[in-house]
Amino acid sequence: MTNLSPKTVVKSVGPFLVPFFKTVAIFFVLFGDDSRDESIFFCIVKCLPIISLILFVIVHGMNQTEYYRYSRRILIGLVFSCLGDAFLVWPDYFEVGIFMFAIAQFSYARAFGWRPRKILHGLGFASLGALVYMFLAPALEGVMLYIVAAYITLICTMAWRAVARVEFYNDLWTWTKLCGCIGSILFVISDLTIAVNKFRFPVPFQHQIVMLTYYAAQLGISLSVIDSPIDELLEKTLKVS
């Protein structure tokens, strides 16, 4: 398995990530406290880091061939994440925001693929999801009971598939797959913090925790596209052989 070194990748793609780090810094300088701003300006600043990652994925390489299937699905996930970010700025559109992120999680899970299965990993995330839902359920009412259950299922599936891709013992891992794995776990932490803070009790520094883990999660998932065409080619070669 081809495994590009982090040093090599940083040199080649680092400059393309400068806009992301700059926009994240701008967000925390302007909105680093717990205050909520429902303005268009806040919405734009909040979305800029994800827009930067969208451009990063596009610039890295994008076409309609099967070799860029992974990148296309990550791109779709980022686009719907950006839409979700925008809708969540206004509380009246909370359910719409969840729906946008649900599509993003589905697209990420499709990108990560279904092999190897790693059933035990899946059962672990299913158990975690069930425990989280049981913890949140007493505070949920009406349609939110079903919306939250569906979203927990999707994000746990996404994390399961991301973790399953990393196979240390077979030496079938790359550091970019590890980035996707770490990103998926950070995504779970970010969304869990949102849910606990919204439905159960206030979480200290929840704004900082949510946004830091969220941006780091999307960065990790975006970095996983770097050697995805090579992985697609190797997978196709293995199928033929």
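## How α4 and α7 run

How do α4 and α7 run relative to each other, roughly parallel or roughly antiparallel? Bear in mind that this is a predicted model. The axes of α4 and α7 cross at roughly 160° and come within 13 Å. Angles over 145 degrees count as roughly antiparallel, so α4 and α7 are roughly antiparallel to each other. The crossing of this pair, α4 with α7, is left-handed.

Now for the side that each helix brings to the meeting. From α4 come Phe94, Phe101, Gln105, Tyr108 and Phe112, and they meet Gly180, Phe187, Asp191, Lys198 and Phe199 in α7. Sorted by class, the contact of α4 with α7 has six nonpolar residues, two polar and two charged.

## The chain as a whole

Stepping back, the protein chain has nine helices and zero strands. Read from the N terminus, the order of elements is α-α-α-α-α-α-α-α-α. The protein chain has 241 residues, and buried ones make up 46% of them.

The accessible surface of the protein chain is about 12,200 Å², and carbon and sulfur atoms account for 71% of that surface. As for who touches whom, take the contacts in the protein chain with a separation of 6 or more: 76% of these are between residues 24 or more positions apart.

## A closer look at Phe94

Phe94 has its place in helix α4, and it turns up in the contact of α4 with α7.

Leave aside the neighbours within four places in sequence, and Phe94 is in contact with Leu88, Met144, Lys198 and Phe199. Gly84 sits ten residues from Phe94 along the chain, with 8.8 Å between their C-alpha atoms.

## The α3 and α8 pair

Next up are helix α3, residues 69–88, and helix α8, residues 206–223, whose axes cross at roughly 160° and come within 10 Å. That makes α3 roughly antiparallel to α8. The crossing of α3 and α8 is left-handed.

On the α3 side, the contact is made by Ile74, Leu78, Ser81 and Asp85, while α8 supplies Tyr214, Gln218, Ile221 and Ser222. By class, that contact of α3 with α8 has four nonpolar residues, three polar and one charged.

What does Gln208 touch, leaving aside its neighbours within four places in sequence? The residues in contact with Gln208 are Gly32, Asp33 and Asp34. Gln208 and Asp34 are 174 residues apart in sequence, yet their C-alpha atoms are 7.6 Å apart in space.

Gly32 lies in the loop between α1 (6–31) and α2 (40–60).

Most residues other than glycine have a negative phi, and most peptide bonds are trans.

The loop between α4 (94–112) and α5 (119–136) is worth a look, as Pro116 has its place there. A cis peptide bond joins Arg115 and Pro116, with omega at about -5°. Lys118 is found in the loop between α4 and α5 too. Lys118 is not a glycine, but it has a positive phi of about 50°.

Phe205 is another residue other than glycine with a positive phi, near 60°. The place of Phe205 is in the loop between α7 (175–199) and α8. Phe205 has a relative accessible area of 60%, and over 50% means exposed, so Phe205 is exposed.

Terms used: Residues are numbered from 1 along each chain as its sequence is written. This is a predicted model: local features need pLDDT of at least 70, side-chain atom pairs count only at pLDDT 80 or more; totals for chains, interfaces and linings use all residues. Side-chain values use heavy atoms; hydrogens and water are left out. Axes are lines fitted to C-alpha atoms, for helices over the stretch in contact, and angles run from 0 to 180 degrees between N-to-C directions. Helices (H or I, at least four residues) and strands (E, at least two) are DSSP runs, numbered from the N terminus. Angles under 35 degrees count as roughly parallel, over 145 as roughly antiparallel, 65 to 115 as roughly perpendicular and the rest as oblique. A crossing is left-handed if the near helix is turned anticlockwise from the far one by less than a right angle, and right-handed if clockwise. Contact means heavy atoms within 4.5 Å. Ala, Val, Leu, Ile, Met, Phe, Trp, Tyr, Cys and Pro count as nonpolar, Asp, Glu, Lys and Arg as charged, and the others, Gly among them, as polar. Buried means under 20% relative accessible area, exposed over 50%, partly exposed in between (1.4 Å probe, protein chains only). Accessible areas come from the Shrake-Rupley method with a 1.4 Å probe; for residues, only the protein chains shown count as cover.
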